[in-house]
Amino acid sequence: MLKEFRTSRKMTQQEFANYIGVPRTTYESWENGRRKPSPKNQRHINMAMRRIKAYEVANSYYNSLERYETKPHFSWKRKLLKLFVLIIIVLILAVLY
């Protein structure tokens with residue numbers, strides 16, 4: 001599960017280990033199944049995965065908003081939508097932290 005998640009995001013073991021806050025060798029042993037993470041570390045892993053997924057969702061909304069912004073006749077709606085999406089992103093990230 002860890003390896004599939006990490007490789008689908010094109011992250012190295014070192015990058016993901018740094019993101020979680022553990023040494024690469026520890027992360028590697030979890031990924032290879034030689035050791036299991038402690039409950040505390042499992043929470044850190046789950047939280048990191050949720051943050052990454054939330055960032056991806058927010059980024060996709062932002063990219064769709066960028067495509068929407070190419071239409072010139074919706075300037076005030078575009079600004080309002082952009083503000084709304086920004087508020088949603090901040091709320092999602094605040095809940096996850």
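Q: What is the mean pLDDT of the protein?

A: This is a predicted model, so start with confidence, which runs from 0 to 100. The mean pLDDT of the protein is 85. Of its residues, 89% reach 70 or more.

Q: Where is confidence lowest, and where is it highest?

A: Go helix by helix. Helix H5, residues 75-96, has the lowest confidence, at a mean of 82. H3 has the highest, at 94.

Q: Which residues touch the most other members of the largest nonpolar core?

A: General idea: in soluble globular proteins, nonpolar side chains tend to be buried together. Here the largest nonpolar core has 13 residues. Leu2, Phe16, Ile20 and Tyr27 touch the most other members. Helices H1 (2-8), H2, H3 and H4 (39-68) each supply at least two residues of this core. The largest share, four residues, comes from H4.

Q: What is Leu2 in contact with, leaving aside neighbours within four places in sequence?

A: Leu2 is in contact with Phe16, Tyr27, Trp30, Glu31, Ile45 and Met49.

Q: Which residues form the aromatic cluster?

A: Look for rings that pair up. The count is two aromatic pairs. Phe5, Phe16 and Tyr27 form one cluster.

Q: Which residues are buried in H3?

A: An α-helix has 3.6 residues a turn, so residues three or four places apart point the same way. In H3, the buried residues are Thr26, Tyr27, Ser29, Trp30 and Glu31. Just after H3, Gly33 takes a positive phi of about 85°.

Q: Is Glu31 buried or exposed?

A: Buried means under 20% relative accessible area. Glu31 has 14% relative accessibility, so Glu31 counts as buried. Glu31 sits in helix H3, residues 24-31.

Q: What does Glu31 touch, not counting residues up to four places away in sequence?

A: Glu31 touches Leu2, Lys3, Arg6 and Gln13. With Gln13 there is also a polar contact of 2.8 Å, side chain to side chain.

Q: Which backbone atom does the side chain of Glu15 reach?

A: Check the backbone as well as side chains. The Glu15 side chain reaches the backbone nitrogen of Thr12 at 2.9 Å.

How values were computed
Residues numbered from 1 in each chain as written. Predicted model: local features only at pLDDT ≥ 70, side-chain atom pairs only at ≥ 80, totals over all residues. Heavy atoms only, no water. Phe/Tyr/Trp six-rings, centres within 6.5 Å; stacked < 30°, edge-to-face > 60°. Polar contact = N/O pair within 3.5 Å; in protein donor to acceptor, adjacent residues only side chain to side chain. Buried < 20%, exposed > 50% of the residue type's maximum accessible area, 1.4 Å probe, protein only. Contact = heavy atoms within 4.5 Å. pLDDT = per-residue confidence, 0-100. Core = buried A, V, L, I, M, F, W, Y, C linked by side-chain atoms within 4.5 Å.
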